[in-house]
Amino acid sequence: MNSKALPRQINNLEVGVYECEIHLKFRLIEEKSLLGDREQLLQVLLDALTEGSDDFLETLQASVKAQEVSEFKASPQMRRQLMRLRNFTDNSQ
């Protein structure tokens, strides 16, 4: 899965590590062949959800939880990225 951060201004931005949990239930009209490729299905579902409900998507239930966790629970790659972000914000001020 390709996860890219949304572009945003980083002036005076505090960053942290968060555990996020999303539970969704919806009905979707889609090609049957798509159900075999889990990554492609996930991408299509996320795209459909960001577009909002329409004639092909009907959201039944949605809940989101996010909580900050210690950065030491993150992978070494995420911790390096966190340090880069912090260094970038320190240098840009």
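Modeller: Let's start at glutamate 58, which has a relative accessibility of 41% and therefore counts as partly exposed. On that scale, buried is under 20% relative accessible area, exposed is over 50%, and partly exposed is what lies in between, using a 1.4 Å probe and protein chains only. Before going on, a word on what you are looking at: this is a predicted model, where local features need pLDDT of at least 70 and side-chain atom pairs count only at pLDDT 80 or more, while totals for chains, interfaces and linings use all residues. Residues are numbered from 1 along each chain as its sequence is written, and side-chain values use heavy atoms, with hydrogens and water left out.

Back to the glutamate. Its partner is arginine 27: the two form a salt bridge, with 3.1 Å between the closest N and O atoms. Arginine 27 is in strand β1 and glutamate 58 in strand β2, so this pair ties together parts 31 residues apart in sequence. For a salt bridge, I ask for a side-chain nitrogen of Lys or Arg within 4 Å of a carboxyl oxygen of Asp or Glu. The general idea is that side chains of opposite charge can pair when their charged atoms come close. By this rule, the model has two salt bridges.

The other one joins glutamate 71 to arginine 86, where the closest N and O atoms are 3.0 Å apart. Glutamate 71 sits in the loop between β2 and α2 (76–91) and arginine 86 in helix α2, so here the parts tied together are 15 residues apart in sequence. Both ends of this pair are partly exposed, glutamate 71 with a relative accessible area of 26% and arginine 86 with 30%.

Arginine 86 also leads us to valine 15. Setting aside neighbours within four places in sequence, valine 15 touches Leu82, Leu85 and Arg86, where contact means heavy atoms within 4.5 Å. Valine 15 belongs to the segment before β1 (17–28), and at 24% relative accessibility it is partly exposed. From valine 15 to methionine 83 is 68 residues in sequence, yet their C-alpha atoms are 9.6 Å apart in space.

Now follow strand β2, which also holds alanine 66 and glutamate 68. Alanine 66 is exposed, at 56% relative accessible area, and glutamate 68 is exposed too, at 52%. Leaving out neighbours within four places, alanine 66 contacts Glu19 and Cys20, while glutamate 68 contacts Gly16, Val17 and Tyr18. In C-alpha terms, alanine 66 and tyrosine 18 are separated by 6.3 Å, although they are 48 residues apart along the chain. Glutamate 68 and cysteine 20, also 48 residues apart along the chain, have C-alpha atoms separated by 8.8 Å.

On the surface, Ile22, Leu24 and Val64 make a nonpolar patch with about 300 Å² of accessible area together. Of these, isoleucine 22 is in strand β1 and is exposed, with a relative accessible area of 55%. A patch takes residues with over 30% relative accessible area and no salt bridge, joining like charges within 9 Å and nonpolar side chains (Val, Leu, Ile, Met, Phe, Trp, Tyr) within 5 Å. There is a negative patch as well, formed by Asp47, Glu51, Asp54 and Asp55; Asp and Glu count as negative and Lys and Arg as positive, with His and the chain ends not counted. Each charge is placed at NZ of Lys, CZ of Arg, CG of Asp or CD of Glu. Aspartate 54 is in the loop between α1 (38–51) and β2 (57–69), and counts as partly exposed at 43% relative accessibility.

Stepping back, the protein chain has two helices and two strands, running β-α-β-α from the N terminus. These are DSSP runs numbered from the N terminus: helices are H or I with at least four residues, strands E with at least two. Of its 93 residues, 12% count as buried. Among contacts between residues at least 6 apart in sequence, 76% join residues at least 24 apart. The chain exposes about 8,400 Å², with carbon and sulfur atoms supplying 50% of it; accessible areas come from the Shrake-Rupley method with a 1.4 Å probe, and for residues only the protein chains shown count as cover.
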